[in-house]
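I opened my notebook to look up how one protein chain is put together. My entries follow the order in which I checked things.

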Amino acid sequence: MAVRALDLLYERTDFPFSLVYVDAGSPRQVRRAIAKRQAAKRFRLIRVEDHLAPNESRNLALAHVETPYVVFIDNDVLVQLGATAARDLTAPRAERRAI
């Protein structure tokens, strides 16, 4: 599910964004698939061996964010077309830089 969620995030997001991905204790096959996508997409990948609670992962990622706005998406969320339209309600157009 994590790899599919990552693929859909890129396929269905219609604006530029910076991604910080926390891989916390995933199985070897998933870890390799995520690393392959990181090499292609050039997002920031943080790998830890132990499983983390969702808030621990978010706090770890937050330390690497370089934009004024942040959206956290868990690895079991399959982004739908148009879902990113919510950004239009939150960030001023000139300041939209991160999800």
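**Entry 1: ground rules.** I am working with a predicted model, where local features need pLDDT of at least 70, side-chain atom pairs count only at pLDDT 80 or more, and totals for chains, interfaces and linings use all residues. Residues are numbered from 1 along each chain as its sequence is written, and side-chain values use heavy atoms, with hydrogens and water left out.

**Entry 2: the whole chain.** I looked up the secondary structure and found four helices and two strands. Helices (H or I, at least four residues) and strands (E, at least two) are DSSP runs, numbered from the N terminus. From the N terminus on, the order is α-β-α-β-α-α.

Next I checked burial. The chain has 99 residues, and 29% of them count as buried. Buried means under 20% relative accessible area, exposed means over 50%, and partly exposed is in between (1.4 Å probe, protein chains only). The chain exposes about 6800 Å², and carbon and sulfur atoms supply 51% of that area. These areas come from the Shrake-Rupley method with a 1.4 Å probe; for residues, only the protein chains shown count as cover.

Then I looked at contacts (heavy atoms within 4.5 Å). Among those between residues at least 6 apart in sequence, 64% join residues at least 24 apart.

**Entry 3: the core.** Which residues make up the largest nonpolar core? I listed twelve: Ala 2, Val 3, Leu 6, Leu 9, Phe 15, Phe 17, Leu 19, Tyr 21, Ala 33, Ile 34, Phe 43 and Val 79. Helix 1 gives the most to this core, with four residues. A nonpolar core is a set of buried Ala, Val, Leu, Ile, Met, Phe, Trp, Tyr and Cys residues joined through side-chain atoms within 4.5 Å.

I went back to helix 1 itself. Its buried residues include Ala 5 and Leu 8. The buried residues of helix 1 pack against strand 1 and helix 2.

**Entry 4: the largest pocket.** I noted a volume of about 890 Å³ for the largest pocket. Of the 41 residues that line this pocket, the closest to its centre are Val 20, Tyr 21, Val 22, Ile 73 and Asp 74. On a 1 Å grid over the protein atoms alone, a pocket is an open set of points where a 1.4 Å probe fits, with protein on both sides within 12 Å along at least five of seven lines; lining residues have an atom within 4 Å of a point. The volume is the space filled by probe spheres set on the points, which are joined across faces, edges and corners.

Helix 1 (2–12), strand 1 (20–24), helix 2 (28–41) and helix 3 (54–62) each supply at least two lining residues.

Entry 5: I found Arg 37 in helix 2. Arg 37 is partly exposed, at 25% relative accessible area. Not counting residues up to four places away in sequence, Arg 37 touches Val 3, Leu 6, Asp 7, Arg 42 and Phe 43. Arg 37 and Asp 7 are 30 residues apart in sequence, and their C-alpha atoms are 8.3 Å apart.

Arg 42 lies in the loop between helix 2 and strand 2 (44–48). Arg 42 is exposed, at 65%. Its phi is positive, about 65 degrees, although Arg 42 is not a glycine. Most residues other than glycine have a negative phi.
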